[in-house]
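Here's a quick briefing to keep beside the model as you look around.

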Amino acid sequence: QMTRPRKNALFELGGQWIGTISGSAALYRFWVDPRNGRTSRASLGTEDIEEAKLKLATLVLKGGKQSANAMLATVLEKYFIERTAKLPSKQAARAAGRLLLSCWGATCRANEFTEGKQKEFVDWSIAKKHSLSYISRNLSVLAAAFSHSKIPHEIVYEPRALREKWVLSPKPTRQRFIPSDEELARFLAYDLPEHLWRWTLIQLSTGGRPQTAIDLAPNMRMRENGTVDLNTPGRAQNKKFRAKVREPEILTSWLDRWEKEARKGGNDSSLDPSWRYCGYASLESVQTAIERVRAEPEVNLPRLSTY
């Protein structure tokens with residue numbers, strides 16, 4: 001439960017907060033004594049903020065009778081600190097937590113999670129046009145948090161179970177669209193923004209995944225044998241595998257031209273090591289540019305994705 005922010009509070013949970021006192025490096029927990037309205041404090045026995053958060057979450061949860069009466073925000077925070085903090089999915093887990101609290105509020109308690117409460121979240125999410133898979137993922141975080149704190153609750157979160165329990169319809173699958181040669185020609189004939197043109201040319205010439213065109217740099221070209229390594233130096237290969245492919249002559253001429261323009265007639269050493277042929281920072285930027293162009297009357301494509 002988050003109350004009004006305290007002055008110099010480093011972290012706040014369940015009406016208590018973490019702070020420091022002068023003359024000590026240790027972290028303390030503070031709370032307002034309901035009997036007299038005065039602020040009390042107790043040392044958490046550590047100088048590490050993450051360890052202090054965990055101790056505070058544990059104390060707050062115990063203060064909420066450990067299970068059914070605990071605040072949802074406290075249960076989630078304890079789960080995040082103890083379980084997901086060191087996992088690659090930590091950001092996604094916290095995002096799910098923020099969404100759950102946005103629907104129910106930070107003062108909601110664990111013992112309120114009836115089927116009706118869960119259906120409330122499902123309806124709230126559908127109104128926001130969230131897919132069933134996204135709703136399922138968020139509810140799975142709630143189920144995991146309850147399980148972690150040994151709170152007995154049956155949370156329905158599998159997409160199929162959600163559909164069957166509350167007669168929900170899955171989000172319709174968008175029809176796949178592959179442009180014909182004529183439609184692609186309209187796209188290419190349009191006066192494309194410079195970096196969209198570069199991205200498109202690299203994609204058509206290499207057949208790599210969309211991100212590879214953004215990542216392509218001079219040190220990925222193996223000029224002696226006319227190939228391109230689409231896996232950036234130092235990047236570990238994964239199951240999606242970035243291959244080594246031939247560098248077509250049309251691509252070679254453009255890459256050489258772009259390098260020359262970047263060097264402004266200088267030698268190899270004048271090229272910034274971080275320089276890339278395509279200036280986009282993310283696929284989202286590429287997709288935004290594609291959306292603008294494909295909707296132009298001269299292009300007129302129903303949809304077009306980076307893939």
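A salt bridge here is a side-chain nitrogen of Lys or Arg within 4 Å of a carboxyl oxygen of Asp or Glu. This is a predicted model, where local features need pLDDT of at least 70, side-chain atom pairs count only at pLDDT 80 or more, and totals for chains, interfaces and linings use all residues. Residues are numbered from 1 along each chain as its sequence is written, and side-chain values use heavy atoms, with hydrogens and water left out.

**The chain overall**

- The chain has eleven helices and seven strands; helices (H or I, at least four residues) and strands (E, at least two) are DSSP runs, numbered from the N terminus.
- Of its 307 residues, 40% count as buried, where buried means under 20% relative accessible area, exposed over 50%, and partly exposed in between (1.4 Å probe, protein chains only).
- Take the contacts between residues at least 6 apart in sequence: 49% of them join residues at least 24 apart, a contact being heavy atoms within 4.5 Å.

**Salt bridges**

- The structure holds 19 salt bridges.
- Glutamate 164 pairs with arginine 160, with the closest N and O atoms 3.1 Å apart. Both sit in helix 6 (residues 159–166), four residues apart, or about one turn of the helix, and both are exposed.
- Glutamate 82 and lysine 78 make another salt bridge, at 3.0 Å between the closest N and O atoms. They are about one helical turn apart because they sit four residues apart in helix 2 (residues 72–84). Glutamate 82 is partly exposed at 34% relative accessible area, whereas lysine 78 is buried at 10%.
- An α-helix has 3.6 residues a turn, so residues three or four places apart point the same way.
- Aspartate 215 meets arginine 242 in a salt bridge (2.9 Å, N to O). Aspartate 215 is in helix 9 (residues 210–215) and arginine 242 is in the loop between strand 6 (227–229) and strand 7 (244–246), so this pair ties together parts 27 residues apart in sequence. Aspartate 215 is buried, at 18% relative accessible area, and arginine 242 is buried too, at 11%.
- There's also a salt-bridge network that links Arg221, Arg223, Glu247, Asp256, Glu259 and Arg263.

**Helices 7 and 8**

- The axes of helix 7 (residues 181–189) and helix 8 (residues 194–206) come within 11 Å and cross at roughly 140°. Axes are lines fitted to C-alpha atoms, for helices over the stretch in contact, and angles run from 0 to 180 degrees between N-to-C directions.
- Which residues of helix 7 meet helix 8? They are Leu184, Phe187 and Leu188, which meet Leu196, Trp197, Thr200 and Leu204 of helix 8.
- By class, that contact has six nonpolar residues, one polar and no charged ones. Ala, Val, Leu, Ile, Met, Phe, Trp, Tyr, Cys and Pro count as nonpolar, Asp, Glu, Lys and Arg as charged, and the others, Gly among them, as polar.
- Leucine 188 touches Trp197, Thr200 and Leu204, leaving aside residues up to four places away in sequence. Leucine 188 is partly exposed, with a relative accessible area of 31%.
- Leucine 188 and valine 293 are 105 residues apart in sequence, yet their C-alpha atoms are 9.9 Å apart.
- Helix 8 has 13 residues and spans 19 Å from first C-alpha to last, close to the 18 Å expected at 1.5 Å a residue; the expected span is 1.5 Å times one less than the number of residues.
- The buried residues of helix 8 include Leu196, Trp199, Leu201 and Ile202. Their cover includes helix 7, helix 9, strand 7, helix 10 (249–263) and helix 11 (283–294).

**Positive phi**

- Most residues other than glycine have a negative phi, and most peptide bonds are trans.
- Lysine 129 isn't a glycine, but has a positive phi of about 65°. Lysine 129 lies in the loop between helix 4 (115–127) and helix 5 (132–148) and is exposed at 67% relative accessible area.
- Asparagine 300, also not a glycine, has a positive phi of about 50°. Asparagine 300 is in the segment after helix 11 and is exposed at 54%.
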